[in-house]
Amino acid sequence: MEWGFYAHRKINYYAIFTVPPPLNQLFKEHIDYISEHAIDPDKRRYANTYEGWRHYIDLDSWMKEDSCVLQRNYFLDRAMTGNWSIKQGEEVHAVELCGFHSGQLHLMHDSYNLSLDSVGIALDFLEHYYHDQFSISDFITEEYTFEELIFEDNLLESGILPYYFLSGYHQLVKEMKGGSVSEVLQKCAELGHYISDAHVPLHTTSNYNGQATGQEGIHAFWETRIPELFAEGEFTHWVGKAEYIGNKVDFIWEIILSSHKLVDKVLNAEITARAQIDEMDHFCFEDRGSQFVRTQCPEFAKAYREAMGGMVEDRWKASIKAVGSIWYSAWLDAGEPELWGMETGLPLKDSSILNNMENVMKNGKFLGRDH
Ligand SMILES: [Zn+2]
C-alpha cells in the first residue's frame, strides 16, 4: 500500500503548490492527472513481481553498526552484495570477491585472479536488471577450463528504491528535453510516488509490517489510517517553495537514511499507544459504503500519533517539499523548456480555483475542500 492511495494522491497534489512560476502552470493545468496517477506504481504491483522492489529498500540488511555498507551505485552495490561462482565442467565453485578498483572488478578462485571490466558488467547488469541469476557475457580468462561466470543477485528482493528513483529521474529529464508533455506528466506523477515511499520509515526495513515484533498491521496504521484521520483537518500542507536539488544521489539516500533512523520509534510508539488505550478500543468497524471495515479506532490512532510526536506530519510535509523540488530540478536540468499551454489531449484545469487554493494554504492550515 505505502502511504495508501489517499496519501499518495494528496502528496502529489500539494507538491504542485511548491513549484515556482512559470513551471507551476504546467502542473496547475494538469493537477487532476498528477494527483490521480500518483497511484499508478502501486496498481502495477498487481501486474508484475519486480514492481514491488522499486518501492522500498530493507536497509537493515545493509547496515553495519550505524553505517550503511552500500556505495549508492547500482552497479557496484549489486556486484558487491551478490554471489559469484564459476563453472568448470559439471562443477560449480564459489568465487571470492576481492574488490573494485581502477575500473575493474577483482575476483579470485583458488589462486586464479579474475579481473572484469566494469563497463562490460554494467551492461550485463542493465540487461538483466530484474533477473536474480545470470551468466556474464564475454567472460574471458586465461584458465581455459573455466567455462562460465555466474552472478547471483542479493539486492533486488531487499528493494531498489533509491536506484530506481535515479533512473526515473534521468528519464524525466530526458522526456522534458524532447519528449511528450503527457509522458512528462506521467513520469512526474510516478516519481512523486517513489519519493513519498522513501519518506516512510517502514519502507526501509524488512520488518515492514511489524511481523517480526508482533505488530502486524502497523504499516497501514502509520501510512494510511493516520493520514486519513488527521491529514485533512490537522496537518499543515504549506511547506514553502521547491528548491533546486544539486546532488540527486545524496538527496534520495539522505531521505532513505533519515527514514531508517525512525524505524524504532515507529515500532515503540505503537506499543506505547497500545498500553494507553483499553484493548477493547483498539479496533473498530467503520461503514465504508457497501462494507464494514475493521480498522484502528480514532482514539487509538490519536494516541499513536501523539506517541510519535508529529513524525507522520513531518514526513508528510518533507514528502511534499521533496516531490516539488525534484520536479523543479528536473525542469532546470532539462534547460527550462516551455511545457505549459500545450495541446496534450488531456483536459485542462481552471487555474483561478487553484490560485485561490494557494492563498488558503499560505495562510496556514488548509481548511477548504480540495476540489
Ligand atoms: Zn509504493
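Leu97 sits in strand S4, which covers residues 91–101. Keep in mind that this is a predicted model.

Is Leu97 buried, exposed or partly exposed? There are 16 other C-beta atoms within 10 Å of Leu97. Being buried takes 20 or more, and being exposed takes 12 or fewer. Leu97 is therefore partly exposed.

Which residues does Leu97 touch, once neighbours within four places in sequence are set aside? The contacts are Met80, Trp84 and Leu107. Take Leu107 from that list. Ten residues separate Leu97 from Leu107 in sequence, and their C-alpha atoms are 4.6 Å apart in space.

Now the domains. The protein is split into domain 1, made up of 4–58 + 159–354, and domain 2, which is 83–153. Taken over C-alpha atoms, the centres of domain 1 and domain 2 are 38 Å apart.

Next, a pair of helices. Two packed helices are described by the angle between their axes and by the distance between those axes. Here the pair is H7, residues 161–178, and H10, residues 248–261. Their axes come within 10 Å and cross at roughly 145 degrees. The crossing of H7 with H10 is right-handed.

What does each helix bring to the contact? From H7 come Leu161, Pro162, Phe165, Leu166 and Tyr169. They meet Lys248, Val249, Ile252, Trp253 and Ile256 of H10. By class, the residues of this H7 and H10 contact are nine nonpolar, one charged and no polar.

Technical notes. Residues are numbered from 1 along each chain as its sequence is written. This is a predicted model: local features need pLDDT of at least 70, side-chain atom pairs count only at pLDDT 80 or more; totals for chains, interfaces and linings use all residues. Domain bounds come from an automatic or database domain assignment. Helices (H or I, at least four residues) and strands (E, at least two) are DSSP runs, numbered from the N terminus. Two residues are in contact if their C-beta atoms, placed from the backbone, lie within 7 Å. Axes are lines fitted to C-alpha atoms, for helices over the stretch in contact, and angles run from 0 to 180 degrees between N-to-C directions. A crossing is left-handed if the near helix is turned anticlockwise from the far one by less than a right angle, and right-handed if clockwise. Ala, Val, Leu, Ile, Met, Phe, Trp, Tyr, Cys and Pro count as nonpolar, Asp, Glu, Lys and Arg as charged, and the others, Gly among them, as polar.
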